[in-house]
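This briefing covers helix contacts, the nonpolar core and aromatic pairs. Please read it with the structure in view.

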Amino acid sequence: MKTRQRTPRRVVKRSVALLAFLALWEILPRTVVQPGYLPPFSTVVEAVWDLFATGEIWLHLEISLARSLEGFLLAVLIGVPAGLLIGWFHEVEDYLDPLVQTLRQTPVLALFPVFILFFGIGETSKVVMIFWARSGRSC
């Protein structure tokens with residue numbers, strides 16, 4: 001297998017698309033797109049810097065990681081026993097497999113409005129969305 005060397009020319013070539021993307025992100029909100037829909041890249045970097053400087057980022061990370069862990073544990077606690085039942089008992093598989101296969105094909109983000117409708121806009125809908133994403137992709 002041939003390995004490519006990192007030459008300055010190759011690094012520049014590989015950086016062009018990324019730099020063009022960042023330049024467009026900075027320019028478009030200042031000219032065409034309303035900054036309320038897409039803030040300029042420099043504004044985003046400044047906001048992230050402020051989150052780190054004030055230490056507020058750690059609170060947000062803690063909440064996000066706790067939510068992710070809840071959804072993952074829920075998926076394991078429900079998914080593993082369900083998988084064992086489906087694997088051991090062909091009758092259970094005959095009943096559940098069509099439902100599992102149908103629901104597995106639905107993108108998680110497409111169901112987010114449904115989760116909000118059923119579970120509200122709070123933490124529960126977010127945890128259920130993570131649960132759904134983790135449990136459906138392991139089949």
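Rings of Phe, Tyr and Trp (its six-membered ring) pair if their centres lie within 6.5 Å, and planes under 30 degrees apart count as stacked, over 60 as edge-to-face and the rest as tilted. One aromatic cluster is formed by Phe-21, Trp-25 and Phe-41. The model is predicted: local features need pLDDT of at least 70, side-chain atom pairs count only at pLDDT 80 or more, and totals for chains, interfaces and linings use all residues. Residues are numbered from 1 along each chain as its sequence is written, and side-chain values use heavy atoms, with hydrogens and water left out.

**Helix contacts**

- Helices (H or I, at least four residues) are DSSP runs, numbered from the N terminus.
- Helix H2 (residues 41–54) and helix H3 (residues 56–88) have axes that come within 5 Å and cross at roughly 95°; axes are lines fitted to C-alpha atoms, for helices over the stretch in contact, with angles from 0 to 180 degrees between N-to-C directions.
- H2 is therefore roughly perpendicular to H3 (under 35 degrees is roughly parallel, over 145 roughly antiparallel, 65 to 115 roughly perpendicular and the rest oblique).
- Leu-51, Phe-52 and Thr-54 of H2 meet Glu-56, Ile-57, Trp-58 and His-60 of H3, where contact means heavy atoms within 4.5 Å.
- The residues of the H2 contact with H3 are four nonpolar, two polar and one charged (Ala, Val, Leu, Ile, Met, Phe, Trp, Tyr, Cys and Pro count as nonpolar, Asp, Glu, Lys and Arg as charged, and the others, Gly among them, as polar).
- The axes of H3 and helix H4 (residues 90–104) come within 5 Å and cross at roughly 115°.
- In that contact, H3 supplies Leu-85, Ile-86 and Trp-88, and H4 supplies His-90, Val-92, Glu-93 and Leu-96.
- By class, the contact of H3 with H4 has five nonpolar residues, one polar and one charged.

**Nonpolar core**

- Val-108, Leu-111, Phe-115, Val-128, Met-129, Trp-132 and Ala-133 make up the largest nonpolar core, of seven residues (a set of buried Ala, Val, Leu, Ile, Met, Phe, Trp, Tyr and Cys residues joined through side-chain atoms within 4.5 Å).
- Helix H5 (108–119) and helix H6 (123–136) each give two or more residues to this core, and the largest share, four residues, comes from H6.
- Leaving aside neighbours within four places in sequence, Trp-132 contacts Leu-103, Thr-106, Val-108, Leu-111 and Phe-115.

**Aromatic pairs and exposure**

- The whole structure has five aromatic pairs.
- Phe-52 and Trp-58 form an edge-to-face pair, 5.9 Å centre to centre with 85° between the planes.
- Phe-52 is partly exposed at 45% relative accessibility, and Trp-58 is exposed at 54% (buried is under 20% relative accessible area, exposed over 50%, partly exposed in between; 1.4 Å probe, protein chains only).
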